[in-house]
Amino acid sequence: MTDELLVARAQLGERAALAELVERWRTPVWTYVRRMLDAERADDVTQEVWLAVIRGLPGLREPGRFAPWLFTIARRSVTDRLRGQYAAEEARSPDVSPSADPAGSTADSAVESAVESLVDRAELVALVAGLPVREREILVLFYLEDLSVEDCAQICGIPAGTVKSRLSRARRLLRAHLEEKGYRP
Amino acid sequence: MTEEEPRLSARELIDRLEPALAARTRVRAVAALVAGVSGTLFVTALWAGEPGPLPVRTHLAFGLFIVFCLAWACYGGWLLARRVPLFATDRVVAGWIGVTASVVTTVATAVAAVQRGAGLGTALALGGLLTAVALALTVRAHARRAALLRRVRELSGRDGA
């Protein structure tokens with residue numbers, strides 16, 4: 001059964017469809033929250049996210065766009081907890097457009113294959129935890145949650161170009177961490 | 001490093017969300033809104049239809065009672081807008097409760113106005129307005145539910161194909 005069908009049935013008030021939706025998306029939401037926050041807060045924030053999802057679900061106009069909507073809510077809860085970190089990073093290093101940084105493209109493609117080869121492995125999770133929050137969230141949404149650049153842009157409320165530049169920077173930071181650990185792409 | 005898992009199972013998570021989904025939560029929110037709005041209309045119509053000059057204390061009592069009813073209406077509205085999920089079928093039921101309550105309030109207000117020989121026009125105008133709003137919300141709720149049912153049928157057909 002597709003997400004859209006489940007969401008439409010849940011919007012009608014079918015409890016079984018709502019339970020199945022929670023079952024299906026419980027782990028992806030928790031994974032995103034846990035990659036952004038510590039273990040102590042992850043469960044509470046996940047519960048808070050689902051409460052907001054249930055309250056907002058009757059008003060969701062596009063059931064087919066459930067995943068970006070769900071992660072937008074999750075991101076809002078995470079951002080509330082990390083407001084200080086987001087503000088500090090924004091002040092320290094404003095986003096650079098991808099076209100202003102052409103030198104990084106070769107390194108990007110090299111490290112991208114390394115990231116993709118590591119995508120199911122626990123090492124990636126540990127490395128991602130060391131990244132700044134803005135780059136970390138894009139990396140988690142794009143690689144771990146398998147969302148498109150456009151969906152990431154909608155979730156984070158930024159242009160697609162900014163998503164690409166953050167992804168690029170995240171890959172370079174990850175490459176540096178990988179090299180520190182002795183991995184050579 | 002081992003892969004972590006959520007501590008809460010799906011069942012536990014749904015159990016924790018249960019208070020927000022409970023029928024009594026929705027009934028309470030709808031009842032607060034309907035009672036608050038109906039009470040406001042009834043007292044306003046009575047106040048506006050008073051035939052003779054009233055003492056200041058009676059004006060104050062009417063005013064306070066309207067504020068009290070409005071507070072309940074606002075509380076119910078806030079619950080429904082922010083706290084309590086009202087799914088498509090719930091909205092249809094809530095809409096008909098609203099229509100019934102507004103018709104009953106209009107009739108009660110009109111009867112009171114006729115008995116006192118004043119304020120029938122105000123009672124009918126306010127009651128008619130309230131009933132029209134309730135009907136419009138109910139029609140919208142039916143349309144939304146019908147659209148969702150159509151979509152479910154389409155998607156179920158596609159899934160089954």
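A:Asp43 forms a salt bridge with B:Arg7, and the closest N and O atoms lie 3.2 Å apart. This pair comes from a predicted model. The bridge joins two chains, so a side-chain nitrogen of one residue must sit within 4 Å of a carboxyl oxygen of the other.

**The interface**

Across the interface of chain A and chain B, the rule finds 3 salt bridges. Polar contacts are counted as well: 11 residue pairs between chain A and chain B, with both residues at pLDDT 80 or more.

The area buried between chain A and chain B is about 3200 Å². Carbon and sulfur atoms give 62% of that area.

**Salt bridges**

Over all chains, a search of the whole structure finds 17 salt bridges. One lies within chain A, where the side chains of A:Asp3 and A:Arg24 meet at 2.9 Å, N to O. This pair links distant parts of the chain. A:Asp3 sits in helix α1 of chain A and A:Arg24 in helix α2 of chain A, 21 residues apart.

Here are the two named pairs.

| Salt bridge | N to O distance |
|---|---|
| A:Asp43 with B:Arg7 | 3.2 Å |
| A:Asp3 with A:Arg24 | 2.9 Å |

**Two packed helices**

Two packed helices are described by the angle between their axes and the distance between the axes. In chain A, helix α5 (residues 83–92) and helix α8 (residues 133–144) pack at an angle of about 110 degrees, with axes 9 Å apart. Therefore α5(A) is roughly perpendicular to α8(A).

Which residues meet here? From α5(A) come A:Gln85, A:Tyr86, A:Glu89 and A:Glu90. They meet A:Val133, A:Arg134, A:Glu135, A:Arg136 and A:Glu137 in α8(A). The residues of this contact divide into 2 nonpolar, 1 polar and 6 charged.

Note on methods: Residues are numbered from 1 along each chain as its sequence is written. Chains are lettered from A and ligands numbered from 1 in the order in which they are written. This is a predicted model: local features need pLDDT of at least 70, side-chain atom pairs count only at pLDDT 80 or more; totals for chains, interfaces and linings use all residues. Side-chain values use heavy atoms; hydrogens and water are left out. Buried area is the accessible area (1.4 Å probe) that two parts lose on being put together, summed over both. A polar contact is a pair of N or O atoms within 3.5 Å; within protein, one must be able to donate a hydrogen and the other to accept it, and residues adjacent in sequence count only if both atoms are side-chain atoms. Axes are lines fitted to C-alpha atoms, for helices over the stretch in contact, and angles run from 0 to 180 degrees between N-to-C directions. Helices (H or I, at least four residues) and strands (E, at least two) are DSSP runs, numbered from the N terminus. Angles under 35 degrees count as roughly parallel, over 145 as roughly antiparallel, 65 to 115 as roughly perpendicular and the rest as oblique. Contact means heavy atoms within 4.5 Å. Ala, Val, Leu, Ile, Met, Phe, Trp, Tyr, Cys and Pro count as nonpolar, Asp, Glu, Lys and Arg as charged, and the others, Gly among them, as polar.
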